[in-house]
Each structure stands twice: as structure tokens, then as C-alpha cells.
Amino acid sequence: MTTIYVPYHLDERLDGLVDEPADATVTAELPEDADIWGRLAVLYERVADEVSRADSPVVISGDCTVSLGTMAGLQRSGIDPAIVWFDAHGDVQTLETTTSGYIGGMPLRLLVGYRPELIADRLGLRALDEQRAVLVDARDLDPAEVDYLRASGIRRYQLQDLELPEGPLVVHVDLDVVDGAELPGLLFPVPGGPSMRDVLAKVEAIIATGRVVAVDLACTWRPGNGAEARAFVQTVCKGFRKDPNNFRTQRDH
């Protein structure tokens, strides 16, 4: 297992989420004259490079868009995974539907092919077929997201009913999938979700299938209020280290 720490929330440097040193920490000089997509492309190019060389990467970051770099890196190494997306939000907004303009609400939509010229083309990221993406416990959706998901091939599940796609898997966990009462230090907590214990158990069960090639841990935390989030991240990483043979490494492909 290789832990890769990306200390950013979008293009904002945000240190302090990881207490113990990671195997690699990804930083970049982001061009001041570029727009947000250009700045993120520079950062995620570094992420993709690290992931492409790593065995069993666990990518820890401050938002979900880093998943674009994770997937691009896996594809570069010859792996074509499906994705299991744990998130209280849909993350399927577009520039045309968002009311907030928050790019962190778009990464799953970008992964399945929305406007590749924004960033996917710059990373060499191929679109994931919607049928190979599942969304777990999304409960805070805007009307446009509800409409899109109703018509799309992305399957939605509650935690207890999850059915996995076939083939190698990326497990993406936005910590806000956990009930907001348990992780109050997040930027966007959502009530009514599963417990931290249940989420950890489900993630461990997926890893135990032996089909997981990478894990994304995304945490939009409030600096100074991240103790619970840091504890969650540490617990997950310790669980992976406990039985690393369950992880499929790039040499398995």
C-alpha cells in the first residue's frame, strides 16, 4: 500500500489532514495566470504520475476532484477500473446546472465524460462508462442532479444494499457520507447518514473482495476542526495495512 497525500481543497493549499507522514506528498506550483481548470490540471497531473507508479495507492485529499488524477494515473498504468462512490452528495453537477459554481460538486460527472475539454483531455483521462459507476448513500441532491441520475446509467444504493460493479474497483469515500453528527468538522455535513463504523465496515468488506486497485479518501474539513476527520482517515489506513494482501496491486494486471 502506498499513501499519497494531496494537501489541497481544489487549488487552495490545506495542510494538516494527515498526522503521520505519507509515502508521497503531492504539491505543485500552480500557474497564477491560469483559470481554475488549468491550475487543477497541473496539480492532478502530478497526482496521476504518482498513482501510475504506486502499488495499491490510497490517495488522501481535501476534496473529491482529486479522483480525476487518481483515475488518470490508473489508466496510464493499464488499469481500467469501475468506481464505487461513497458520498452524501451526488457530485454530478455541471457548469450549466450548478447554482453555487462549486467545482467540487462536479467530479463524478466529469469522470463519466462531461465536457472533457475542461480537464480530462489535459490529463489523458478516458471517460468512465456510467454503467460502471455506483453512487452510495447520496442524500443531498439538487433537482438537476436528481433528474440526471434518474436518466443516467449510474446506479444508486443505500449502504446496506450496495451491489458492486464487475472488475477492478476504485473505492472513493467522501467522509461526508458519514452522518454529519459524527463528523461536525466538515464543510458540508449532511444529517441522516450511516455511522462511521458502518461505513468503515463496508469499505473493509469491499477491499476483502480482492478487487480494489485504489482508494480515494476525500475530506472537505474545516481547518482547526478536523480531529474527527483525521481519526477517520487514520483508522481507514490502518485497516488497509492490517491485511494489504486484499489490495490488487498494479503488478496483478
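Author: Let's start with a side chain that reaches back to the backbone: that of Thr98 comes to 2.9 Å from the backbone nitrogen of Gly101. The side chain of Thr98 also reaches the backbone nitrogen of Ser100, at 3.2 Å. Polar contacts here are pairs of N or O atoms within 3.5 Å; within protein, one atom must be able to donate a hydrogen and the other to accept it, and residues adjacent in sequence count only if both atoms are side-chain atoms.

A quick word on the source: this is a predicted model, where local features need pLDDT of at least 70 and side-chain atom pairs count only at pLDDT 80 or more, while totals for chains, interfaces and linings use all residues. Residues are numbered from 1 along each chain as its sequence is written, and side-chain values use heavy atoms, with hydrogens and water left out.

So where are we? Thr98 sits in the loop between strand 6 and helix 3. Helices (H or I, at least four residues) and strands (E, at least two) are DSSP runs, numbered from the N terminus. Thr98 has a relative accessible area of 17%, so it is buried; that word means under 20%, with exposed over 50% and partly exposed in between (1.4 Å probe, protein chains only). Leaving aside neighbours within four places in sequence, Thr98 is in contact with Gln93 and Met106, where contact means heavy atoms within 4.5 Å.

Asp91 belongs to this loop too, which runs between strand 6 (82–86) and helix 3 (107–111). Asp91 is not a glycine, yet its phi is positive, near 55°. Most residues other than glycine have a negative phi. With 4% relative accessibility, Asp91 counts as buried.

Now for the aromatic side of things. A search of the whole structure finds one aromatic pair. The rings are those of Tyr102 and Phe188, with centres 5.3 Å apart and planes at 50°, so the pair is tilted. For rings of Phe, Tyr and Trp (its six-membered ring), pairing needs centres within 6.5 Å; planes under 30 degrees apart count as stacked, over 60 as edge-to-face and the rest as tilted. Tyr102 lies in the loop between strand 6 and helix 3, and Phe188 in the one between strand 9 (169–174) and helix 6 (196–207), so the pair ties together parts 86 residues apart in sequence. Tyr102 is partly exposed at 22% relative accessibility, and Phe188 is partly exposed at 34%.
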